Amino acid sequence: MKSLTAVKVASVFAISASLVTGCGSTPSSVDNSAAPAGSTAPGGSSAPAASTAPIKLSYWVGLPTDSARVMKNYSENMFYKELEKKTSVKVDFQHPAIGSEKEQFNLLIASGNLPDVIEYNFTTYPGGPEKAIADKVIIPLNDLIDKNAPNLKKYLAEHPDLKKDISTDSGAIYSFPAIGVGHSDVSSGFVMRKDWLKELNLQTPETMDEWTTVLRAFKEKKGVKTPLTVTRDELKADRFIGAYGISNSFYLDNGKVKYGPVEQSYKQYLTQMNAWYKEGLLDVDFATQDAKAKDSKITNAGSGAFIAFIGSGMGKYLNAIPANDKTFDLVPLQHPVLQKGQEPNVFVAAFEYRGDGSAAITPSNKNAAQTAKWLDYLYSDEGNILKSFGVEGVTFKSENKFPKYTDLIVNNPEKLSVGEAMSKYLRVSTPAPGFVGDDRYTEQYYKFDQQKQAVDIFNKYVKNINKTRFPRVSHTNDEVQELSAIMAEVETYRDEMVLKFIMGSEPLTNYDKYVQQLKNMKIDKALILKQTALTRYNSRK
């Protein structure tokens, strides 16, 4: 992943005659000097010119929780207000009820009354983006991007793998993507009590054997009841299982699609988890505890190791150091491996194309060209500054061309958290069309040195993930129906058996019988369907 500071985005924001006034462009309130170092600041007009014939767009998008706490509608957000001043494009935002975005999306599609733009993860559309186009829910964007989106067009030319990800098997581009940049692909990982390691004269563990040694010391020498605290969902993710070179789902092994839970390495993983569970190293409550119970154990010195997000996890815990535990300190850990010196290549990481936060244009849109220009602004240097940092002198100040947030964001006078303040004035803390994870944002959002260390450690081996991660393929509608039926049964059985194996109610001597049952449930057929879709994906241009 390239840092945004190393990305050369297009320098000119093309403006059609319909968006140009006879009086010249509207002055920009954003200082171009704050553009990323190493990239060219937008030339010509510093922003899209105000239109003599303003257009209005209807825009359907989920409202994140932080945003919902500080506003009822994105029209109250400073970024969108400023964007409207620059473009004369007025947006009528339509927000589904929080927590019911998927259900509301389905109702929206069924109604046939579509807005001009839908911000949604169309990789989850039944039948995929190709089906969404065939259903006349969204339109192909190739010509629109070619003629009206110079910034995105240039970025896609420089990043052909990303173009594959936002295209269908037939070559149709379907969204203006949220693109991960900088050191933002891996935002969570393993964290351990640094003060305990120091007290016990232990090094941070890398191998599974070293993990066993450390967890055992936490239990025996610190008297901790839950040396390793996790939730069931965390254990289901590609965390410890990555040490065995496999995934908890579909993954690639030298280009061949495999399913981790039927491999012999999966038995090794389950054997280790079962050993930790029996010894009391793995939290005995992992199958039932929620995030609140986990938090309580961590902040009350009841756990020595856990999984945490850099921002909402490490930041929260470091801010809540118990009064009776002043030595409390945390250290981020490398993703686990089996042998010393190995490089991890299976772990939890975001795709460069985020999926979420990507915008598609619908057939209802009568101003598709202007909409493409409007969205393309977010892929320019200036558009990224406005979206991620806001207005100079208000939400950021330029210090040696570095956009540093003001107290309105980091020490908000209304007592808003940093995340809430960002949600009120910017669109930076959740995926949105444009760039996600600008390093200059994360450097300031993560205020503790331990968090900044985690960014480097968690992302150190991120390039390795491309060797094993199953890409964003598209399935035909028939494939989707068959896969859904197979995987619903497979995953239910897998989850049930994994709990039994780890907790000891099912002996690991029955592992081969478990694998045979998955084969009876047609997991091999699912693998064929995945391999077929991968072949189509690899053929995309």
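Modeller: First, a term: buried means under 20% relative accessible area, exposed over 50%, partly exposed in between (1.4 Å probe, protein chains only). Helices are DSSP runs (H or I, at least four residues), numbered from the N terminus. This is a predicted model: local features need pLDDT of at least 70, side-chain atom pairs count only at pLDDT 80 or more, and totals for chains, interfaces and linings use all residues. Residues are numbered from 1 along each chain, and side-chain values use heavy atoms, without hydrogens and water.

Colleague: OK. Which residues of helix α22 are buried?

Modeller: Y511, Y514, V515 and L518, in a helix that runs over residues 511-520. They fall within an arc of 100 degrees seen down the axis of α22, so they line one face (the arc is that of the directions from the axis to the C-beta atoms).

Colleague: What covers them?

Modeller: The cover includes α11 (264-279), α21 (477-503) and α23 (523-538), by contact, meaning heavy atoms within 4.5 Å.

Colleague: New topic. What is the volume of the largest cavity?

Modeller: About 140 Å³. Of its 14 lining residues, R232, L235, K236, D495 and V498 are the closest to the centre. A cavity is a set of points on a 1 Å grid over the protein atoms alone where a 1.4 Å probe fits but cannot get out; lining residues have an atom within 4 Å of a point. Volume is the space filled by probe spheres set on the points, which are joined across faces, edges and corners.

Colleague: Which helix gives the most to that lining?

Modeller: α21, with five residues.

Technical notes: Helix = DSSP H or I, 4+ residues; strand = E, 2+ residues; numbered from the N terminus. 1 Å grid on protein atoms, 1.4 Å probe; cavity = no way out; pocket = protein on both sides within 12 Å on 5 of 7 lines; lining within 4 Å.
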